[in-house]
Amino acid sequence: MAQNKTELMAVLAVMRKYNLKGTEELLKKEAGLADIPENVAGEAEVNSVLAAYKSEGDPDIYENSYMELRKFVEESLDIYKHELALILYPVLVHMYIELVYNSHEVQAKKLITKFGPEQEYYYQDELAKLAMVTKRDEMSGNDITDTFKSNAFTIRISRDTLSLLKRHLHEKKASVILNIVNEHMYFDLYEGVARNKAQCDATSGAMTGEAKRQDNKIKVYYGLLKEPDVQTLVQAPPEEDDDMDPDAPDKPKKKKPKKDPLFSKKSKSDPNAPPLDRIPLPKLKDVDKKEKIKALRESTKRVNLGPDLLPSICMYTLLNANHTVTCADFCEDSSLLSVGFADSSIKVWSMTPMKLREMKSAEQLKEIDRDAEDVLTRMLDDRKAETCRTLLGHSGPIYRTSFAPDRTMLLSCSEDCTIRLWSLHTWTCVVVYKGHQYPVWDVRFSPHGHYFVSCSHDRTARLWATDSYQPLRVFAGHLSDVDVCIFHPNSNYVATGSSDRTVRLWDVCVGNHHRLLTGHKAPIYSLAFSMCGRYLASGSADNRVLIWDLAHGHLIAALTGHTASIHSICFSRDGTILSTGGLDCALKLWDFTKLVDDISGENVNVSHNPDVRDGEPYLLRTFPTKQSPFLTLHFTRRNLLLGVGMYELGV
C-alpha cells in the first residue's frame, strides 16, 4: 500500500509540474488523497518511480546469466531451439539498458561487445545505436531505449516451448532474466508443434518482435466497391413516339439505336466489399461519368498479359538530374507526369500532344457562357499552352507528388513539413496543409478523390480531405518513421510501411489498425495493392518484396532477386503481372496469377503462419537499365508499362 501511495505521489508531482490541475484534482478525489499537501513527492522520488529498471546488485551476474541462457538454448532439442533463440536479442537489450541505468557502464559495454555480434544481422544497426548510450542521462529521448521501455517485445511461441523456458529459469533461479521476461516480454501462445527455423525467420525482424495473432483477427472488407452501372452513366436520347403522331401516319419508323455491348454488362457486388455508405464518398459529376466511360472503352483494348505475353515497357530516363530529382508520378490515365526536385520545385509534363493550358484572365471569363456544355474547355486559354509547367512554393526537397483521379489537382509533400494542393488549371498553390511536425515522406490521393493520406518522420500517418485544413484521422502506432502510405482500392483502408520494419493496415472509418504485418528486415519504401484488393505487396531495403494476404494477415510469399532497395511496385491493370523496380537498376516481372492459384489450394493454418513461398518459380523476366535506378512504375489502361529513372554515372 505504501508503495502504491508513493507512486501516486510521484504521478501527482508530474501533473503539478506540467500544470495539469484538472487531472490532478480528479486523481486526488478518486484516490482519496484530497488532503495531501503540495510538493510532497520530490524530484528523486519521481525519478525512482518512473525508472523502468531496478538494480540486481552484482553487475557481473548479467553476463553469467546471459551465457547460461544461451547455453540452454543451444543445448535444447531442435524442435524447440529456434523459438527459444528468439528471446536472446530482447534479453540482451534489456540487460544492457539495466546496466547503463544503474551506472555499470564497463559491464554494459563488455556485455554488448561480447554478445552483440552474435545477434541476427537485421538487429545490428539498432545494437550499434544502443551501444552509443553509455550513461543514464543519454537514455532519455533515445529511440531504442524508449521503444524497449514502453513496448513489450512480442514472441509467438508454442505452449510446450514456453513451459520448457520457464522451468529452466525457475530451476536456475535466474532472477535477472525472469524479471525481464515477466516485465518486458509478451508471449503469444498457440497450441501445437513449435515452429521451424524458416517459419521463425519469416515473421521476425520488427523492432518489437512479431505481430500478435490478436492484431490480425478483425475482419477486413478487402473487396472492391460496386461501380455504378454504365447504363446510368450514359443518358439515352429521348425516343420519339412516331406511332402516336396523327399528322404523319405514313411516316416510316425510325430504327432504334443498337445497344452497345460495353454498356450492357452489369457490375457485380463483391461479397467482401464494405457497405457503400461506410465512409462518405464524393458524388460522381458529369465529367467523372464521361471519364469512367472513356476508361471502360480503353479497357476493352487492353492487352491480356501472362507468362507468354509480357508487357511492352517504355522507360523515361531523366538526364543531368543526378542528386536533383527526388520523386516522379504518373496520373491514372498516363497523360501527365510530375517530377519533384531537391531544389523544392515541381515540374509537370504532358505525355500527349495536348499541351498544358492555363485558365483565362478574369476579364475574359466574364464573356463565357456559363451554361454551355463545354464551359471548362472555353475557360482554358490555348494561347498560353505549354508542354511543361513548373510549380514553386515549397521550401525544401519534394518527397512525393500525387495526381487527383480527375487530374484537376496535384498534391506534394516536402521536407518543410507541409503538404500543398496545386490547381492544374491555374497552376498555383490552392491550400497548404500543416499538421506534421517533421518532414513529410509520402502523400497519396484516394482512388475516389476528395481524401488523401500523408506520412512523416513524426511516426504518424494522417488522413485529410481537400476541403478541410485539419486532419480527419491521425494514425499513431508505428515506432519509427512512416516512410510510405497508400490507399486501398476501395478507399476504406490505408496501408503504411515504416522504418520500424512493420506494415500496418488502418481503417479510415475508426482510425485503428486492423492488420500488423511483420517479416521485413529493413525499412519499407514501397507498397501496392492487388487489383482485387485482397493482397498487398511491400518492397523494402532488405531487397525483398513480400506478398501478404489481408484476409488473414499472413505472409504468403517472399520475392527475392533484387540486389538493392525496392522503391517502386506496380500491378498490371488486369492483376496478372507484378512489376518491381529497385535501386539496382533492374526491373523484374512476376507471375502473380500463378502465385494466387498456388495459394488458393492450400489450407490456412490459423495458429501460426503458413510456409512462405519462394519467389523464384514466379519470376518471368528481368530487364536491366543501363545506369538508371527506378523512381516509379506505372501500367497504362492498356497495360503498357511505364518507368521513370534518373541516369546516375557510376551506379
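In strand 32, the bridge partner of His634 is Leu642. Here, strands (E, at least two residues) and helices (H or I, at least four residues) are DSSP runs, numbered from the N terminus. The structure is a predicted model, in which local features need pLDDT of at least 70 and side-chain atom pairs count only at pLDDT 80 or more, while totals for chains, interfaces and linings use all residues. Residues are numbered from 1 along each chain as its sequence is written, and side-chain values use heavy atoms, with hydrogens and water left out.

Strand 32 (residues 641–646) is joined to strand 31 by 5 bridges, and the two run antiparallel. Two strands are taken to pair if DSSP finds at least two bridges between them. Strand 31 and strand 32 form a hairpin with 5 residues between them, and Asn639 in the turn has a positive phi of about 75 degrees.

Strand 3 is joined to strand 32 by 6 bridges, and these two strands run parallel. Leu641 in strand 32 is the bridge partner of Ile313. Together, the 3 strands make an open sheet in the order 3-32-31, with mixed pairing. Strand 3 (313–318) and strand 31 (630–635) are the edge strands, each pairing on one side only. From one strand to the next, the twist averages 15 degrees; axes are lines fitted to C-alpha atoms, for helices over the stretch in contact, and angles run from 0 to 180 degrees between N-to-C directions.

Strand 32 is mostly covered, with 6 of its 6 residues buried. Buried means under 20% relative accessible area, exposed over 50%, and partly exposed in between (1.4 Å probe, protein chains only). Both faces are covered: Leu641, Gly643 and Gly645 are buried on one side, and Leu642, Val644 and Met646 on the other.

A nonpolar core is a set of buried Ala, Val, Leu, Ile, Met, Phe, Trp, Tyr and Cys residues joined through side-chain atoms within 4.5 Å. The largest such core has 48 residues, of which Met95, Leu165, Met185 and Phe187 touch the most other members. Helix 6 (residues 88–101) gives the most to this core, with 11 residues. A second, separate core of 19 residues includes Ala202, Ala495, Leu505 and Leu555.
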